[in-house]
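Visitor: Please pick one part of this model and take me through it closely, with the cut-offs stated as you go.

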Amino acid sequence: MRPDLFEAPDYYQLDDLLSEEHKLVRSASRDWVKRAISPVIEEYAQRAEFPKQLIGGLAEIGAFGPYIPEEYGGAGLDQISYGLIMQEIERGDSGIRSTASVQSSLVMYPIWKYGSEEQRKKYLPKLASGEFMGCFGLTEPDFGSNPGGMVTNFKDKGDHLLLNGAKLWISNAPFADIAVVWAKDEAGRIHGLIAERGMEGFTTPETHNKWSLRASATGELIFDNVKIPKENLLPGKSGLGAPLGCLDSARYGIAWGAIGAAMDCYDTALRYAKERVQFGKPIAATQLQQKKLAEMITEITKAQLLAWRLGVLRNEGKATTAQISMAKRNNVEMAIKIAREARQVLGGMGITGEYSIMRHMMNLESVITYEGTHDIHLLITGADITGFNAFK
Ligand SMILES: Cc1cc2nc3c(=O)[nH]c(=O)nc-3n(C[C@H](O)[C@H](O)[C@H](O)COP(=O)(O)OP(=O)(O)OC[C@H]3O[C@@H](n4cnc5c(N)ncnc54)[C@H](O)[C@@H]3O)c2cc1C
């Protein structure tokens, strides 16, 4: 892969909306991505391997629990800083951002929000430092968009809980030390439980042959009569709203992350178009390529505004689930369209691993599907504005 020459676009001077702390956090993440992710990511994606050596650096830039209070090992930052960190990491690779999103919003968040004080103290500092890695088990083979139908369940056996079932498509599963698992009790109510690697009957086979998020490890969680200590049940919240609350936080991060992938594709295409000469002039001087590039920067700018405003609303505790759905849906679609257009700007070179665009494009095929599919987010907006839920 070529040297990382990335320069972030800021067409509407959005930096004026950021505090000094926001800019510092962003620049630390940006520098680290250039130093640590860019030089190795292509090789790991080609090999379909998660670069585990990045875990320490991710912890150092505050990517594990950016908004978790410092007393629990988190970075204690606001929602805009959290978004900017996700943007920068996904500029490097959506798979690495996925690892950080899962750790922060799908593992640390539920332990922080729904866990007991003992659970917070036991797990959060180790998750923040990367000593423990976590995964989040909601999706099942027969229940993806409809997680409320899950069949994974546990029975109260007096001194422990007995967990049975299977989860599919779980990011970080193959190497995670702990899993936040969503399962039904005997009354059919959903609860979060913490399963630990090494518990008898708990296995995490890896899912192979992915053409997308190749640098992120994905797997299954299989529970065959796993004895879960009662103190590993998250006591603070139950029902489907509990996992959905985690997804709100993760989807918000994705809305920013997708901007990073789009910015990288745009920046690469712009530089290439200025340098690539055909018919005696740079292709950037042709109207067709200018149309592509002009539309890209317009869409990136709109997405930046959407994400920034959503961050302000989240800081104020006012962002709704439907507003988060809109931003996730819009920004991921924006990024995938830009990746497809940018690839064409590079002609044949666009399909190679010399440039990041094809990898971003393939990664975004997962991002547009996970954490609620593109369709489901549209239906969430539809239900919100009409009052009619069309997907149940
Ligand atoms: C790489 C990767 C990593 C993932 N990581 C995790 C993870 O860490 N943890 C986790 O729990 N899950 C994870 N997932 C799972 C992901 O969230 C699901 O794939 C997603 O929710 C969709 O579920 P599904 O794949 O079963 O598709 P389905 O729900 O079967 O959907 C198939 C199609 O039908 C459409 N559809 C479904 N219902 C309706 C409806 N009512 N109306 C109209 N259209 C509908 C969908 O939009 C989609 O296009 C991951 C997935 C991938 C690909």
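**From a helix end to the ligand site**

Guide: The model is predicted, so local features need pLDDT of at least 70 and side-chain atom pairs count only at pLDDT 80 or more, while totals for chains, interfaces and linings use all residues. Residues are numbered from 1 along each chain as its sequence is written, and side-chain values use heavy atoms, with hydrogens and water left out. Helices (H or I, at least four residues) and strands (E, at least two) are DSSP runs numbered from the N terminus. H8 itself covers residues 321-345, and its 25 residues reach 36 Å from first to last C-alpha, close to the 36 Å expected at 1.5 Å a residue. That expected span is 1.5 Å times one less than the number of residues.

Now the ligand. Its shell holds 18 residues, and the closest are Thr139, Ser145, Trp169, Thr373 and Asp375; a residue counts as near if one of its heavy atoms lies within 4 Å. Strand S3 and helix H10 (374-386) each supply at least two residues of this shell.

Consider next the polar atoms. A ligand nitrogen is 2.7 Å from a side-chain N or O atom of Thr139, and a ligand nitrogen is 2.7 Å from a polar backbone atom of Trp169. On Thr373, a polar side-chain atom lies 2.7 Å from a ligand oxygen. The protein covers 68% of the 980 Å² of accessible area that the ligand has on its own (Shrake-Rupley method, 1.4 Å probe).

S3 (residues 160-171) also pairs with strand S7 (residues 218-229), in the antiparallel sense and over 9 bridges; pairing requires at least two bridges found by DSSP. Within this pair, Leu163 stands opposite Val226 of S7. S7 is also joined by 2 bridges to strand S6 (residues 202-203), again antiparallel, and there Phe202 stands opposite Phe223.

Definitions and conventions: A polar contact is a pair of N or O atoms within 3.5 Å; within protein, one must be able to donate a hydrogen and the other to accept it, and residues adjacent in sequence count only if both atoms are side-chain atoms.
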